Amino acid sequence: MKIPEILLIEAERKPGSLARVLTVIGEAGLVVEHLASLRRDQGRTVWEITLEMDEADDQGLYARIDALPNARVLGKSDRVFNRHKGGKIRTISSMEIGSPQILRDLYTPGVARVCLAIQREPALARQYTNLPNTVAIVTNGTAILGLGDIGPLAGLPVMEGKAALFASLAGISGVPILIDSRDPARVIETVAAIAPSFGAIQLEDIGAPACFEIEEALIERLNIPVLHDDQHGTAVVTLAAVRNAGRIADQRLSTSVVGQVGLGAAGIGIARLLFARGVDRILGADLDPGALARFAGLGGEPADLDKIMAEADIVIATTGVKGLIRPQQVRKGQVVLALTNPEPEIEPQLAMAAGAAFAADGQSVNNVLGFPGLFRGVLDAGARRFTGSMLLAAAEAIGDCAAPGDLVPESLDPAVHKAVAEAVRAAALADQ
């Protein structure tokens, strides 16, 4: 499995020096994701080069670079670890406590008045606490990113990352909650027990099929919004991408046959939202009979990969299997979205060369475009749950924010998240 590696390489400050280094990297079959000059000293430049590579690539690449007369590998950068050091989030006061009077007002004895008021009228908690601005980010670590079942503690950096994005993109306080259990019943009971602390629950990186049971039970049991991001956040951003890809390729989503390859959490969520959007026929493939049965229950048509590639106008893949789709399977005019990260089911360039009208991978189709605005909107509306109309509104808003010819908009554009939040809020109020 390829992961980002950041190499520090020193090269002579002469024409062609860096080009020779990049040629060696290219000959190794690696792609440069980022390149930056860190410092110059005595006729030499230290470059920071970000690649996606696996450990087996390391020694051979390093030796080939060191063999150049003008360059050498200094080592790996600790930039990523440095940015995680001490964690990525913290809790801070929303006001300065600069006097004894403020202390008495915020804590004892003044706080007692607010506590008693909320006891008499619980709805006042939305006005006098941070409850409607706080989301629990819950995981049991069974399906972390593309890493799989690595446990809740190892998944904490991802949950902190989600919380940091909530704060920076939507002004929401996200709180990581790690549950050390693979038992769906125990996860359900734990989340239900802590739910009064939060305005909403985001389930994150919980593997299928347990994720379906957990989400359904919590939605039924709690009176606050619950959303499994791997299902519905992925579906929202994918729908936006599919809609725009279809427009670029001159295909109408409502009249297209869609193929969903992989029917785990993401695949089921995508299929469910596409049906809600009006897609009439979706073919689905998975090796798990239970997943196929669940898909059929939604109205999908179980198939295999060959049938999907032969009949689908739009192919979406979320399998986690690198290179699953062969170029010779791609039909002329197809839209192919191979969304597994970091290595897709087929590289977009290969799909396009094989005749696809449009192809993309999961680098741009990122959940960060969806979940901050989804939760900001539902919290602002005071809604008790997410609905299909909210998810569809979010997808349309994301798609509308993309520039002409682009699949999706820039993920860090504040205007995108504001538009998503406003669309979700409007849909939530219309549902009431």
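**View 1. An open sheet of four strands runs in the order β2-β3-β1-β4, with antiparallel pairing.** Strands pair if DSSP finds at least two bridges between them. Strands here are DSSP runs of E, at least two residues long, and helices are runs of H or I, at least four residues long; both are numbered from the N terminus. The edges belong to β2 (32-41) and β4 (71-76). Each has a single partner strand, so one side of each is left without a neighbour in the sheet. On average, neighbouring strands of this sheet are turned by 25° against each other, direction ignored. This is a predicted model, with residues numbered from 1 along each chain as its sequence is written. Local features need pLDDT of at least 70, side-chain atom pairs count only at pLDDT 80 or more, totals for chains, interfaces and linings use all residues, and side-chain values use heavy atoms, with hydrogens and water left out.

**View 2. Strand β1 (residues 3-12) pairs with β4, and helix α1 lies across the sheet.** The β1 and β4 pairing is antiparallel and spans five bridges. Isoleucine 9 stands opposite valine 73 in β4. Helix α1 (residues 17-27) lies across β1, β2, β3 (44-53) and β4. The helix runs at about 20° to β3. Axes are lines fitted to C-alpha atoms, for helices over the stretch in contact, and angles run from 0 to 180 degrees between N-to-C directions.

**View 3. Valine 31 sits in the loop between α1 and β2.** Is valine 31 buried or exposed? Its relative accessible area is 52%, so valine 31 is exposed. Buried means under 20% relative accessible area, exposed over 50%, and partly exposed in between (1.4 Å probe, protein chains only). Not counting residues up to four places away in sequence, valine 31 touches Thr50, Leu51 and Glu52. Contact means heavy atoms within 4.5 Å. Glycine 320 is 289 residues apart from valine 31 along the chain, and their C-alpha atoms are separated by 20 Å.

**View 4. Another open sheet has four strands in the order β6-β5-β7-β8, with parallel pairing.** At the edges stand β6 (173-178) and β8 (226-228). Each has a single partner strand, so one side of each lacks a neighbour in the sheet. Neighbouring strands of this sheet are turned by 25° against each other on average, direction ignored. Strand β5 (residues 134-139) pairs with β6 in the parallel sense over six bridges. Threonine 134 has serine 173 in β6 as its bridge partner. Helix α7 (residues 152-170) lies across β5, β6 and β7 (200-203), at about 170° to β6. Helix α10 also packs on the sheet, touching β7 and β8. The direction of α10 makes about 80° with that of β8.

**View 5. Helix α10 (residues 229-248) crosses helix α16 (residues 388-401) at roughly 45°.** Their axes come within 8 Å. The two helices are therefore oblique to each other. Angles under 35 degrees count as roughly parallel, over 145 as roughly antiparallel, 65 to 115 as roughly perpendicular and the rest as oblique. On α10, the contact residues are His232, Val236, Val237, Leu239, Ala240, Arg243 and Asn244. On α16, they are Leu391, Leu392, Ala394, Ala395, Glu396, Ile398, Gly399 and Asp400.

**View 6. Histidine 232 lies in helix α10.** Its relative accessibility is 10%, so histidine 232 counts as buried. Leaving aside neighbours within four places in sequence, histidine 232 is in contact with Glu215, Leu227, Arg272 and Leu391.
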